[in-house]
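Grab your viewer and work through these exercises with the model open. Try each task yourself before reading its solution.

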Amino acid sequence: MKKNNVLFITQAAMIAALYVVLTFVSNAFGLASGAIQIRISEALTILPYFTPVALPGLFIGCLLSNLLTGCAAFDVIFGSLATLLGALGTYLLRHFKRLSPIPPILANTIIVPFVLTYVYELPGGIPYFMLTVGIGEVISCGILGMILLNVLNKYKNQLFP
């Protein structure tokens with residue numbers, strides 16, 4: 001295996017592990033799933049702004065988090081895909097710093113309410129869940145994610161050569 005492949009896999013694994021740990025922090029406060037969710041780990045969806053390594057790391061991290069926190073199978077699949085789509089959107093918009101959190105906010109605000117409605121059959125309806133999930137994503141990605149982006153931006157050459 002080449003040195004670059006090892007570095008890619010190692011960085012992706014670190015991002016995945018960090019996503020899992022931060023999801024467990026949110027889960028400890030009852031905020032990792034349900035109608036009202038503020039996953040601190042979703043702040044990491046700004047990492048594709050810096051590196052494409054974050055794409056598999058975030059997807060695997062979300063997949064593992066959903067499995068380990070006991071989510072239903074369709075939630076594991078579609079919740080993880082929402083995070084992947086959001087991260088991919090961030091990567092595609094990487095030249096527009098202020099737009100970085102928008103793709104994960106939109107992906108989760110659109111996809112997760114359908115999971116809550118049709119998989120978990122929670123009362124409230126899709127518009128309500130779009131509001132609650134959207135607010136959580138704005139907090140996680142829009143506020144925490146942008147704080148993280150601005151902090152990491154100062155060290156991007158050392159962290160993401």
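**Exercise 1. Decide whether Y49 is buried or exposed, and find what Y49 touches.**

Step 1: Y49 counts as buried because its relative accessibility is 16%; buried means under 20% relative accessible area, exposed over 50%, and partly exposed in between, with a 1.4 Å probe and protein chains only. Before you go on, note that this is a predicted model, where local features need pLDDT of at least 70, side-chain atom pairs count only at pLDDT 80 or more, and totals for chains, interfaces and linings use all residues. Residues are numbered from 1 along each chain as its sequence is written, and side-chain values use heavy atoms, with hydrogens and water left out.

Step 2: Helices here are DSSP runs of H or I with at least four residues, numbered from the N terminus.

Step 3: List the contacts (heavy atoms within 4.5 Å). Not counting residues up to four places away in sequence, Y49 touches T90, R94, K97, S100, L149 and N153.

Step 4: Check a distance along the way: Y49 and K154 are 105 residues apart along the chain, and their C-alpha atoms are separated by 13 Å.

**Exercise 2. Work out how α1 and α2 pack, and which residues make the contact.**

Step 1: Take helix α1 as residues 3-28 and helix α2 as residues 54-68; they pack at an angle of about 35°, with their axes 7 Å apart. The axes are lines fitted to C-alpha atoms over the stretch in contact, and angles run from 0 to 180 degrees between N-to-C directions.

Step 2: Get the hand. The crossing of α1 and α2 is right-handed, that is, the near helix is turned clockwise from the far one by less than a right angle.

Step 3: Pick out the residues. On the α1 side you'll find F8, A12, I15, A16, Y19, V20, T23 and F24, and on the α2 side A54, P56, G57, L58, I60, G61, C62, L64, S65 and L68.

Step 4: Sort them by type: 14 are nonpolar, four are polar and none is charged. In this sorting Ala, Val, Leu, Ile, Met, Phe, Trp, Tyr, Cys and Pro are nonpolar, Asp, Glu, Lys and Arg are charged, and the others, Gly among them, are polar.

Step 5: Zoom in on A16 of helix α1. With a relative accessible area of 6%, A16 is buried, and leaving aside neighbours within four places in sequence, A16 is in contact with G57, I60 and G61.

**Exercise 3. Find which residues have the most contacts inside the largest nonpolar core.**

Step 1: Ask where they come from. α1, α2 and α5 (126-153) each supply at least two residues of this core, with α2 giving the most, four residues.

Step 2: Look around I15: apart from residues up to four places away in sequence, I15 touches L44, L47, V53, A54, G57 and L58.

**Exercise 4. How many disulfides are there, and what is the nearest cysteine sulfur to C62?**

Step 1: Search the whole structure for pairs of cysteine sulfur atoms within 2.5 Å. You get zero disulfides.

Step 2: For C62, the nearest cysteine sulfur is that of C71, 8.2 Å away. For C141, the nearest is that of C62, 11 Å away.

Step 3: Check burial. C62 is buried at 2% relative accessibility, and C141 is buried at 0%.

Note on methods: Core = buried A, V, L, I, M, F, W, Y, C linked by side-chain atoms within 4.5 Å.
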